[in-house]
Amino acid sequence: MAADDRRNGDSSNHNHRDPKKPRLSEFLTESDIRSEFAHHQTGVARINNGSFGCCPSSVLDAQREWQLRFLRQPDEFYFNGLRRGLLASRAVIGDLINAEDVDEVSLVDNATTAAAIVLQRVGRCFSEGRYRKEDTVVMFHCAFQSVKKSIHAYVSRVGGSTVEVRLPFPVNSKEEIVSAFREGLERGRANGRTVRLAIIDHITSMPCVLMPVRELVKVCREEGVEEVFVDAAHAIGSVKVDVKEIGADYYVSNLHKWFFCPPSIAFFYCKKRGSESDVHHPVVSHEFGNGLAIESAWIGTRDYSSQLVVPSVMEFVNRFEGGIDGIMKRNHDEAVRMGLMLCNAWGTNLGSPPEMCVGMVMIGLPSKLCVESDDDATKLRSYLRVHRSVEVPVYFLGLRDGEEGVKDKDSGIITAYVRISHQIYNETEDYERLRDAITELFDIFRCNNKALEEEPQPPAKVPELEESKKERGERVEDGTFQRDRALYEILKENKDKKDAEFNERFKHRPPKALDEEETEFLDKLEMSKKEYERKLADEDEQQIRSFQAAVAARSATLQEPEEAALPPPAPTTKEQKTTGKRNSGTRPFNTIIRVKPQPKKVKATEEEKKDISAPLDSAKANVATKTLHTGLALVSYSDESEDDD
């Protein structure tokens, strides 16, 4: 289909420009190298290239061009540029690793993705019954953790079993590794099982050892292992890779670690099989079934720029004298030289012979550092990074029962190693900083241990202490002193002494003038205090008024019955004319009027009774006087009154 052809980058009619290529010089100088990596943080001894790699500025510029090309016109990029660019990168890698066909090379994110591809296929074979239950996968115990997790996720859960071969470390020869691997294969075939897959590291990570990969693959073929997967995350850019000579079925290596690509990119080699392949990318897209290389070329919209800059990376390494081979030789030689320098300074050893090292080397740490667990190793690594600006991994070597271990110059067992890396941007000062940091720690531990080993001496007599003992007296049987004083007196005496010393010290110092802020604060504090006092006074006055009003109201309530019992005054002639019926002269002379008092609303307390007793007595006296003066009637009170007076 024409549309597919254009999308696959096969059309010769296209309108685009290739990314800008850096201007080449004859060879990179040391100044050029520093310029290419000037974006690295200064002041840090970055000797851990093996973990995350590095990328020169010229390659980053090329990557930026690819990113902008996509952002400028995505459709043009997708249909006419992407697939062609990926094909160019695969061709460069195919030539570099001596692949038979470019279709054997796929571009994936990293070695973890490739491991998932292989182990998913193995898991499908178990699920579909092509493999028997308990058939095995054999690998070294130091395999990357993501690989072990993938085995658990895709193989162990569907009936497969795993055999781990312990890597001899420190290692002295290739034969030790080959012998241990043969024993692992024998265990994998026990009880009639079949070894379906062997996973071999080309360069182990922690501990770091260059493995005899060709010999190990050959052993697998001799022992009838069905498939071999070489996890070579650190290989490309560190050692020469020839997939034909190695002879594995699968081979993966990251290009962002030692091949100067930006993260993240890896090539995944799959040896050609029949017409139909059972190897697929974990991310299924519309390209599923078109072969792994095509499936990997499009897994959805994402940034493919790191996979497109491989030709630019080749241009960079070719600017180095000797090309990629010259870089690999320089890194190996410098890493070994720096490793030996550290060994001599610390009195320890290399983890493997120089011929089994690459751009990474394992160096034993002094036993006096007392690294006794993975947690101790992590803490030491953090200390070096945070306090000494040295970035280097630390590996804890746990010895099994019966293992003697390697001793350092102090006859202590070496239980930890550092893994140094060397890349072209590193300098000798980076490793000297690590050397000095460990040496200082070593000296501290050695002094502390020496102090512990020395025979303790009795404390020297202090004249002041002896004088104090004389004044205090000798101890008696109960453990106290004959003239001990109370603790309060001692503490008070010390406090008074300190106060006197303070006053004596500062008594001649002129007082400090208040600044504007302090003055403003004190003014506000004084105003707040006055406002608070005024508020309290207002509240007190309000409470007094409320109380007085309440008392007056109660007094008025208690006086109502007596006022109702008082006879009206004798009206005058003029007043009688205007007086109502109730005050008229129709009432008989000298009649007795019984007044029934109204019930009180509230019963007064004893104190309130006392307070109003005087007014009541006065009122009664007035009533009696008025009654006598009028001579009109006698007033008596009913027994129904609730008043106790």
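Author: Let us begin with a polar contact, which is a pair of N or O atoms within 3.5 Å; within protein, one must be able to donate a hydrogen and the other to accept it, and residues adjacent in sequence count only if both atoms are side-chain atoms. Here, the side chain of Asn 426 reaches the backbone oxygen of Arg 46 at 2.8 Å. The side chain of Asn 426 also makes a polar contact of 3.2 Å with the side chain of Asp 430. This is a predicted model, in which local features need pLDDT of at least 70 and side-chain atom pairs count only at pLDDT 80 or more, while totals for chains, interfaces and linings use all residues. Residues are numbered from 1 along each chain as its sequence is written, and side-chain values use heavy atoms, leaving out hydrogens and water.

Reader: Is Asn 426 buried or exposed?
Author: Buried means under 20% relative accessible area, exposed over 50%, and partly exposed in between (1.4 Å probe, protein chains only). Asn 426 counts as buried because its relative accessibility is 6%. By contrast, Arg 182 has a relative accessible area of 32%, so Arg 182 is partly exposed.

Reader: Which residues is Arg 182 in contact with, leaving aside its neighbours within four places in sequence?
Author: Contact means heavy atoms within 4.5 Å. On that basis, Arg 182 is in contact with Val 219, Glu 222 and Glu 223, its neighbours within four places in sequence being left aside.

Reader: What is the mean pLDDT of the protein?
Author: The predictor's confidence in each residue is its pLDDT, from 0 to 100. The mean for this protein is 81, and 73% of its residues reach 70 or more.
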